[in-house]
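Visitor: Could you walk me through this one, feature by feature? I'd like the general idea each time, then the case at hand.

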Amino acid sequence: MKKKPNILFLFSDQHSVRAMGDCADTPVETPSLDRLAAGGMRFDNAYCQNPLCVPSRASLLTGKYCRTTGIYDNRHILPANGPTLARALGSAGYRTALVGKTHFNGEQFQGFQERPYGDLYGQAHQPDPARHANESGLGDILGDAGPSGIPLAMTQTEICVSEAAKWLQGHAGRPVDSPFFLAVHFDKPHFPINPPRRFFERFAGRVELPDYDPDWLSHAPAFVRKAAAASGTAHHRGDDAVNARALAAYYGCVEWVDDAVGRLLDVIDYLGLFEDTIVIYASDHGEMAARRGLWQKTVFYEDSARVPLIIRWPGVAEAGSRTNALAGLIDLYPTLCAAAGISPPEGLEGLDLAPVLAGGGPPDRNLFCESAVLKQPDHAGCMLRRGDWKYCLYLDGAEELYNLADDPDEWNDLSRAPGEAALKAELRAATEAFFRSEEFAVRYAATPRMPFEKHFYPYSNQFITGNGVVFDARP
């Protein structure tokens, strides 16, 4: 019987598709991700299913949209003991482990057999600079951006590399030759935007802020205006010095993650696991990164909703290939079930990407993304991507329509163009049938919620010892 492939899933947080080495208008260099893509397939139209951490990760883990999970907020709780990707692979004989950030609320394993390090209590994002006594939260997102003040070996990024490398070394030395599913979840380039000094200084004073019409926001849908106000960065809008420093730090965080990815690829190669291991890189959502003068996520613009996705599958994906096929993080569950040779559970809402990876044509599909403004569920909406078209529908009835082939930066809203009225009506009907906006408030309110956000816990990450003792990893 053919040996089941190992799976190494490298997952970052808030990585904009524009901050990739193959993007023409960025100074960022990502040689490790370029190396990964050179051995596999790059998906140029991959999307999260919600541009916010907890709902996006819940959709990936369950293979279901938010309308099904009911999870839209960073305090919403995914029920325990449900079908998850980790549980499916574990039941099929895989040894499963997760290192780093999950942003699970409630039950902290969700089918993973091992979690040696990560956000069991805290939010994973280390305050940088460190919190003072009785402080909570993650500080001034843009104002605090700059070189990290945490000793390098104590940062979440470096601990993820060291713990994952140790885990892989231990697995290679085990007498039982079972396949593994190792997920390594980095907390960067999500804020606090504080890379090591050498990565920050690569860009400090050398970045240019994107151009935009400063009046555009006053004409945007109410959802977008509310999201911009709730981002925690609105008070710095128009401050070029602060924004440029933050963008330099953000680019530094991206290159730091890329460097970490490269070291784990080296471990896979050194241990002789290259041919037997599928390697995936993705991010939970994007980052506006000063585009349109905005930061953060939750909106449906490409910088926020589209994500990098690279899959290296030796013997299946053609090395160095790219595809325009629409893909979602929701598709990883059925795709990895196919790779493991197991039947996915009923009810998954994603597609198996194996045919695309093998060189088949892109699937004809509607791909959706949902969102609610953080802590303001009266402002929510749904995006539909079909072919070159992107359509957005909000609870207040506002609409947006873009042809991304002609207008990749989404400045020309065609929702009122007479020539597109029939198409808009068709896309609206499909979006409404999926999103069921009249039921949104009930779905949102019915989902259990944590009493506090995880970043109110004093320390961000924890270790678990062999005998099950959990202790804080400071800072």
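Guide: Start with pairing: two strands pair if DSSP finds at least two bridges between them. Helices (H or I, at least four residues) and strands (E, at least two) are DSSP runs, numbered from the N terminus. This is a predicted model, where local features need pLDDT of at least 70, side-chain atom pairs count only at pLDDT 80 or more, and totals for chains, interfaces and linings use all residues. Residues are numbered from 1 along each chain as its sequence is written, and side-chain values use heavy atoms, with hydrogens and water left out.

Visitor: Okay, which strands does strand 6 pair with, and in what sense?

Guide: In general, strands of a sheet pair through backbone hydrogen bonds, either parallel or antiparallel. Here you get both: strand 1 (residues 6–13) runs parallel to strand 6 over seven bridges, while strand 7 (residues 309–312) is antiparallel to strand 6, with four bridges. To find your place, look for leucine 10 opposite tyrosine 281 of strand 6, and for isoleucine 280 opposite isoleucine 311 of strand 7.

Visitor: And is strand 6 buried or exposed?

Guide: The general idea is that in a regular strand the side chains alternate between the two faces of the sheet. Buried means under 20% relative accessible area, exposed over 50%, partly exposed in between (1.4 Å probe, protein chains only). In strand 6 (residues 277–283), seven of the seven residues are buried, so the strand is largely enclosed by the rest of the structure. Thr277, Val279, Tyr281 and Ser283 cover one side, with Ile278, Ile280 and Ala282 on the other.

Visitor: At what angle do helix 1 and helix 8 pack?

Guide: Two packed helices are described by the angle between their axes and the distance between the axes. Axes are lines fitted to C-alpha atoms, for helices over the stretch in contact, and angles run from 0 to 180 degrees between N-to-C directions. For helix 1 (residues 31–38) and helix 8 (residues 240–270), the angle is about 45° and the axes lie 7 Å apart. Among the residues in contact (heavy atoms within 4.5 Å) are Leu33 and Arg35 from helix 1 and Val261 and Asp258 from helix 8.

Visitor: How many disulfides are there?

Guide: A disulfide is a covalent bond between the sulfur atoms of two cysteines. The search, which takes sulfur pairs within 2.5 Å, finds zero in the whole structure. For cysteine 23, the nearest cysteine sulfur is that of cysteine 48, 17 Å away. For cysteine 369, the nearest is again that of cysteine 48, at 4.4 Å. Cysteine 369 is buried, at 0% relative accessibility, and cysteine 23 is buried at 18%.

Visitor: Last one: in what order do the strands of the open sheet come?

Guide: Four strands line up as 9-10-11-12, with antiparallel pairing. Strand 9 (367–373) and strand 12 (399–403) are the edges, each pairing on one side only.
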